[in-house]
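The entries follow the order in which I looked.

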Amino acid sequence: MDLGSLLVGIAVVELAALLITVGFVLAHVVWLKLDSARFHTPRVRAREALNMMLASDGSSEWARRRLEALPWRHVVGIVLDVTRSLSLPERQRIARTAAPEEMAAQAERMCASRRWHIRLKGARVLTALGVGEANVPTLFNDPHPVVRAQAAEWASYRSDPEIVSRLVDMLGDVSGQCRFAAQNALLAVGTPAVGPLVRFLSSPRPAGVADAMEVAAYIADSRFLPSMILHSKSSDARVRAEAAWALGAVGGKEAAARLERLLDDPSAVVRGAASGALGAMGHWPSVAAIGRLLDDPVWEARSGAARALQALGDPGAVVLRRAIRSGTATQGDIARQALGVHVDAVELEAAT
Amino acid sequence: MSWVWPGPAFSTLVWVEGAFLAYFLLVNSFYAVLLIAAVGQMRGYRRRSFAEQRWLVKGSDIAPRVSMLAPAFNEEASIVHSVQGLLTLDYPSLQVVVINDGSTDATVSVLRERFEMAPVNHIWCQDIPSQPVLGIYRSRLYPSLLLVDKKNGRKADALNAGVNVADGELVCALDADTLVESEALQQLARPFVAGGDGVVAAGGTIRVINHCTVRDGRVTQARVPTHPLAGFQMVEYTRAFLFGRLGWNSLGGNLIISGAFGLFRRAAIVRAGGYYHDTVGEDMDLVCLLRQQAMETGQEGRVEFVPEPVAWTQVPESLATLGRQRDRWHRGLADVLWRRRRILFNPSYKGMGLVGFPYFTFVELMAPVMEALGLAITIIGVATGALDVEFAILFFLVAYGYGLILTMGAVALEEFGFRRFSGLTDRLKILAWVLLENLGYRQLTVFWRLRGIYGYLRGSRDWGAMQRRGFSSNTDGDGS
């Protein structure tokens, strides 16, 4: 092939590629315009009908007819948008009365697809509608983590014991996204999750304990206390630290006593968490024990102690002032920060 | 018509030109691989994010706390808008830390008055050395807003001071004139939630705010700039982010997180010793160091690019300012690549050492040299008759035509991915800027980058003068 032919060939290929790409872009724009022109008003009306139904217990049949007049992709978009900030009962109401009958049925079929992104779409539509009890729980064992996480999201606000148990088991999932979704769902479930969580924390398992402790700290039910004390002796520092915060959330004499023992933990993160938890509890009898940590060689422990003493009000302030007056240089520095006793800025500049 | 072979010297010229041709063919082919990888990433991202409920992070009690770090130097015109925009970000656990880096204008007084800021007892530790902190203030109106007043030490130093004072698990480094979209943090935090400690940094997309409509610190309507310089830069940013960085997610991970908008693990930054002062490429240097340290300790050290979260920034509309910016960027690149040269071709660093670093060294850094030489040799060759016009056309088709198609591919990715712009007019403007980019603008950037290499070799560390204009409802730029 001579150079001239090569040139022509390359130029033709490049021009064709350019025209195809530009053509696709412009065609897409035109399609969007036409789609918008055709469906803009029906979409607005369908959305209005749904909102009116929700706001005033208005006719759901009218909303259903408006939605059924739209292509599936628009129906899904509107329903997902409207249900975004609705409670589970309100979403279920839309599913029962206003959403096209085929919508939930099609989403359920999608949950059985071989392709993960189709299963994900189905699960998200069912989550938006608040239905899917027959199909979504099977997705807790889905091979794709995003689908499993969506199953956890779907389970939020559902107190069915079997579902809650599946959520608790997901705290040991290998995927961080699944664990996060499970934690959030359990926090939404609230008190009905306590029993399964206590069982989870009582059984010997290394994975998921720290995440379960984090949830327990937010729910702060006294039934967690034995598990918290047990795990405050874990060999994993992160678990001990989460247990410390959880003990602080639950409160009580037993929790305070255990936290004071944790002030001597080998891990600075745990020491800091223990003092922080005591401060959050408002447990002022511990001020002296916390005050000893102002001299801790590790910043996490020192700062945790200083913040705890700040939180403990006057008793804490007494300890901080004593640290400034007669403590070591380390104690004095952090105590000054905590009390806002500022070294003069000019002196600081001169010193550096 | 066949090539002319006039003699040994001219033969050498032809072979050298052939080598340049091969270089551009290889480079653009690699770009094509990157584009294909970007398409795959975009498809996966769109599938994962279909109908995603934002409240998963937004409504979460356990979402990682984020501290926004906004260094400010002489920003009195725009600082209030910037801070208002940050305070209204839609994220459940947020701290905003403005670091006044020794401003000589009224930045501090404007902030203190507008947000009713008073001195506060803030417990913090100087984990990373920085210039002295003269005072820390908290807003009475917005308790999550802190102002750190310090002596001037430039951007890296200001960020280090901010990292010291911040209490978030994640820190987000920003430029003072960046406007972050309200849901951007929710999206940007997801890799950290999903990837755990394996993820050390994540970056979003930077878009050009010039000629967009801004109301109350938010971009309400995105428009394609009508100013040529801003338009060409918009094309560059689209190519760099939607095609470049997205593709790198599949090919060994990113080496750069934009200094204008990046999210990092605070603990990882502290372990790394913070941003390095003595470079103008501090953002790339930090990312390389974070990945390097993570891999050396057996961790993943992933740096992810998330395409959907957007931060808007002004781009320069004057040649002088733009030239200084590109000069500085290229000096920074050269500096970091030299400083971290241990990574190059080192299998211990896996994809970063075997693919990413070589790419940045032999393509990003050397491309302006190759392009300038290739162009010069082509012109000389045609003028002296060693090369015929057909060969010159072939050079342009490979070097520029191929690149043009790839850029158009990036625009198509934007169109099918996020569709930020509305209307046929804006699409036609983008296409026009893509077509015109190679007719002068690209050659200018080659010149500026060459100047940057020259400046680096001479030891220049200068940032150059910057100009700031506040955001109005129809922003025109001269940021840098």
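Before the first entry I wrote down that two strands pair if DSSP finds at least two bridges between them, and that helices (H or I, at least four residues) and strands (E, at least two) are DSSP runs, numbered from the N terminus.

I noted that this is a predicted model, in which local features need pLDDT of at least 70 and side-chain atom pairs count only at pLDDT 80 or more, while totals for chains, interfaces and linings use all residues. Residues are numbered from 1 along each chain as its sequence is written, chains are lettered from A and ligands numbered from 1 in the order in which they are written, and side-chain values use heavy atoms, with hydrogens and water left out.

**Entry: the sheet**

I looked up the sheet of chain B and found that 10 strands form an open sheet with mixed pairing, in the order β3-β4-β5-β2-β1-β6-β11-β8-β12-β7. Its edge strands are β3 (117–119) and β7 (179–180) of chain B, each of which pairs on one side only.

**Entry: strand β8**

I then followed β8(B) to its partners: eight bridges join it to strand β12 (residues 302–313) of chain B, and these two run parallel, whereas three bridges join β8(B) to strand β11 (residues 261–265) of chain B, and these run antiparallel. Ala202(B) stands opposite Leu263(B) in β11(B) and opposite Glu304(B) in β12(B), while Arg207(B) has Trp312(B) of β12(B) as its bridge partner.

I took buried to mean under 20% relative accessible area, with exposed over 50% and partly exposed in between (1.4 Å probe, protein chains only). Strand β8 (residues 199–208) of chain B is largely enclosed by the rest of the structure, because 10 of its 10 residues are buried.

**Entry: helix α3**

I checked helix α3 (residues 79–87) of chain B as well, and it is mostly covered, with seven of its nine residues buried. Among the buried residues of α3(B) are Ile79(B), Val83(B) and Leu87(B).

**Entry: where the chains meet**

Counting contact as heavy atoms within 4.5 Å, I found 54 residues from chain A and 53 residues from chain B taking part. For salt bridges (a side-chain nitrogen of Lys or Arg within 4 Å of a carboxyl oxygen of Asp or Glu), the count between chain A and chain B is zero. Helix α1 (residues 3–56) of chain A gives the most to the side of chain A that touches chain B, with 18 residues.
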